[in-house]
Amino acid sequence: MRVCARRRSRTLRLWLLIVFLSLHLLVVSLVLSIYHTSCELHSYPGIQTSISFSVQNASASTSTMTAAGSDTQEVEMDGTADDLAKLEALYSHPLYNLPTPPLPDVNPILRLSANEDDYDPILWNASAETHPPWLRFHLGISRWQMYQHKDPNLSALTQQMASHRIVSAVQKSGGTQLKLVMSFPNYGQTLFKPMKQERHEETNVNLYYFSDFERHNAEIAAFHLDKILGFRRVPPVVGRLVNVIKEIKDITTDHKLVTTFFTSPVGNACFYGQCSYYCSTEHAICGRPLKIEGSMAAMLPDLSLAPRRSWRSPWRRSYSRSKLAQWETDSNYCDSIKKTPPYDRGTRLVDLIDMSILDFLMSNMDRHHYETFEKFGNDTFLIHFDNGRAFGRHSNDEPSILAPLVQCCRVRRSTLLRLHLLSLQSYRMSDVMRASLSQDPLAVVAPLLTEQHLSALDRRLETVIQTIQDCLQQHQHHSDVIHDDIDFTRHLKNSARI
Ligand SMILES: Nc1ncnc2c1ncn2[C@@H]1O[C@H](COP(=O)(O)OP(=O)(O)OP(=O)(O)O)[C@@H](O)[C@H]1O
Ligand SMILES: [Mn+2]
């Protein structure tokens with residue numbers, strides 16, 4: 001009897017061991033399949049080695065590419081297909097499909113019940129087939145992002161902004177440079193920023209960031225870059241050729257704007273509008289002879305429906321030619337910011353650092369304020385709009401833009417993993433940006449960003465990764481630097497359930 005019982009318990013123990021081992025194997029294979037490209041980053045001590053390895057990879061491939069050149073069209077075509085394949089692979093990567101935290105509320109963003117007595121009850125949701133794309137975009141804005149990953153509405157929205165009949169064009173008040181709000185027959189609206197300089201022109205080094213020209217291609221490129229970084233915090237932007245006479249002068253109801261139209265000595269249709277910077281005949285916006293390039297940004301819901309709050313950036317520049325801001329002189333600046341609401345809790349600080357990484361990559365020094373949707377309180381994403389002063393110089397990197405990261409040494413884990421991914425040859429940032437920008441309608445006129453700007457992105461990405469690596473070396477615990485926004489255990493449990 002006793003022998004029998006002992007044999008039974010041994011068999012049971014053997015079974016338990018087999019079950020344990022197979023579960024272990026299952027978990028290991030799941031981890032490897034989910035994070036195959038960045039698996040070294042899982043174990044904190046490995047972070048540094050894996051980053052430097054990938055950076056070496058990226059720079060090696062840059063030199064190979066430069067050496068190879070692209071003389072024949074065939075090579076160029078292959079390059080385009082390769083880039084598009086990389087972009088597709090990037091967006092299929094699990095790091096772009098991370099589950100968002102559970103929503104504390106399920107209401108759509110729009111405040112539609114202000115005067116319930118006066119209005120019909122509305123049953124709107126983002127997926128209703130009959131809604132125009134702009135309304136679906138508004139209804140799809142969530143607490144965590146402007147639009148969903150692989151949002152099926154995005155191409156319909158950008159297509160309409162790029163081609164729909166313009167029925168109204170009026171100047172937008174606020175801001176420093178000329179911009180127009182354009183309306184479509186289906187009540188959709190866009191913010192139009194006209195081309196002010198050629199793509200290859202670098203910003204004059206003697207211009208302060210606050211008097212730099214706004215660039216239409218920077219608005220377009222910022223939308224693509226923010227999407228490639230996996231943030232999805234810029235409202236959709238698309239390029240368009242606009243007829244200065246038929247699509248602005250003939251239809252505008254803006255009397256002040258009308259008085260600023262003229263024909264240039266070479267017969268081009270021009271206008272300059274009214275604003276505080278560059279609205280003069282010397283800085284006129286001219287067609288060639290009639291059409292002008294511009295960026296069309298999807299307008300956010302009206303402030304009466306979705307009020308927004310504007311926040312002064314703690315790392316705002318002084319906007320003076322002589323004064324320095326506090327963050328430029330105080331080495332403990334971040335310590336005090338970390339204790340100041342709303343940066344003292346939640347994700348606000350790491351979100352601000354995400355924004356500074358985006359700005360450093362595209363060299364935007366003009367992030368004085370940022371906005372959030374009031375309805376979502378403090379736990380929400382930061383709206384990354386007004387990117388017109390980005391991509392001004394490709395030959396220079398501006399280290400001070402990274403000050404929030406350098407001074408606070410904090411970064412979201414998901415951001416670090418995606419940056420790491422984009423530094424690898426198979427998802428290289430310049431290649432996926434080239435592919436993404438090639439989908440804009442204005443790419444047929446000329447590439448939205450020159451090759452110099454694209455390679456500046458790779459170079460700056462190395463700097464960001466190196467900065468994080470330095471932070472990790474300076475801190476005893478990795479958790480001091482890495483804000484762990486990816487709950488691996490929950491992820492694994494979910495995968496195991498499937
Ligand atoms: N897509 C949009 N939808 C709705 N409102 C917008 C959009 N883009 C910008 N705005 C609003 O218009 C204001 C001015 O736009 P923007 O910041 O692009 O112009 P600007 O001339 O660069 O301004 P500034 O000189 O103050 O930086 C913004 O602060 C924002 O409130
Ligand atoms: Mn601006």
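Helices (H or I, at least four residues) and strands (E, at least two) are, in this report, DSSP runs numbered from the N terminus. By that definition Phe-360 lies in helix H11.

The model is a predicted one, in which local features need pLDDT of at least 70 and side-chain atom pairs count only at pLDDT 80 or more, while totals for chains, interfaces and linings use all residues. Residues are numbered from 1 along each chain as its sequence is written, and chains are lettered from A and ligands numbered from 1 in the order in which they are written.

**The chain as a whole**

The protein chain holds 17 helices and twelve strands. A residue is called buried if 20 or more other C-beta atoms lie within 10 Å of its own, exposed if 12 or fewer, and partly exposed in between, with C-beta atoms placed from the backbone; on this scale 36% of the 498 residues of the protein chain count as buried. Two residues are in contact if their C-beta atoms, placed from the backbone, lie within 7 Å. Among the contacts in the protein chain with a separation of 6 or more, 71% come from residues 24 or more positions apart.

The chain is divided into domain 1 (38–102 + 303–497) and domain 2 (158–298), with bounds that come from an automatic or database domain assignment. To the contact between them, domain 1 gives 38 residues and domain 2 gives 32 residues. On the side of domain 1 that touches domain 2, H11 and helix H14 (429–437) each supply at least two residues. The residues of that side of domain 1 divide into 22 nonpolar, eight polar and eight charged, where Ala, Val, Leu, Ile, Met, Phe, Trp, Tyr, Cys and Pro count as nonpolar, Asp, Glu, Lys and Arg as charged, and the others, Gly among them, as polar.

In helix H5 (residues 153–163), the buried residues are Asn-153, Leu-154, Leu-157, Thr-158 and Met-161. They lie on the same side of H5 because they cover an arc of only 125° around the axis, the arc being that of the directions from the helix axis to the C-beta atoms. The elements that cover these buried residues include helix H4 (133–140), strand S3 (189–194), strand S4 (237–243) and strand S8 (291–298).

Elsewhere, three strands form an open antiparallel sheet in the order S5-S6-S7, where two strands pair if DSSP finds at least two bridges between them. Strand S5 (262–263) and strand S7 (285–286) stand at the edges with a single partner strand each, so one side of each has no neighbour in the sheet. Strand S6 (residues 269–271) pairs with S7 in the antiparallel sense over two bridges, and Phe-271 has Ile-285 in S7 as its bridge partner.

**Individual residues**

| Residue | Other C-beta atoms within 10 Å | Class |
|---|---|---|
| Lys-193 | 28 | buried |
| Phe-360 | 25 | buried |
| Asp-366 | 20 | buried |
| Met-299 | 19 | partly exposed |
| Tyr-277 | 15 | partly exposed |

Two of these residues, Lys-193 and Met-299, are included in the UniProt annotation "binding site" (unreviewed entry), which also covers residues including Gln-177, Glu-214 and Asp-386; UniProt positions are given in the numbering used here, feature names are shortened, and annotations may be inferred rather than shown by experiment.

The contacts that follow leave aside neighbours within four places in sequence. Lys-193, placed in strand S3, is in contact with residues including Lys-179, Glu-214, His-216 and Gly-388. Met-299 lies in the loop between S8 and strand S9 (308–312), and is in contact with Val-181, Gln-189, Thr-190 and Leu-191.

Asp-366 belongs to the loop between helix H11 (348–362) and strand S10 (369–373), where Tyr-209, Phe-210 and Arg-389 are in contact with Asp-366. From Asp-366 to Asp-386 the distance is 8.6 Å, C-alpha to C-alpha, across 20 residues of sequence. Tyr-277, in the loop between S6 and S7, touches Thr-176, Gln-177 and Ser-211. Phe-360 is in contact with Ile-401, Leu-402, Arg-460 and Val-464, and the C-alpha atoms of Phe-360 and Asp-397, 37 residues apart along the chain, are separated by 7.7 Å.
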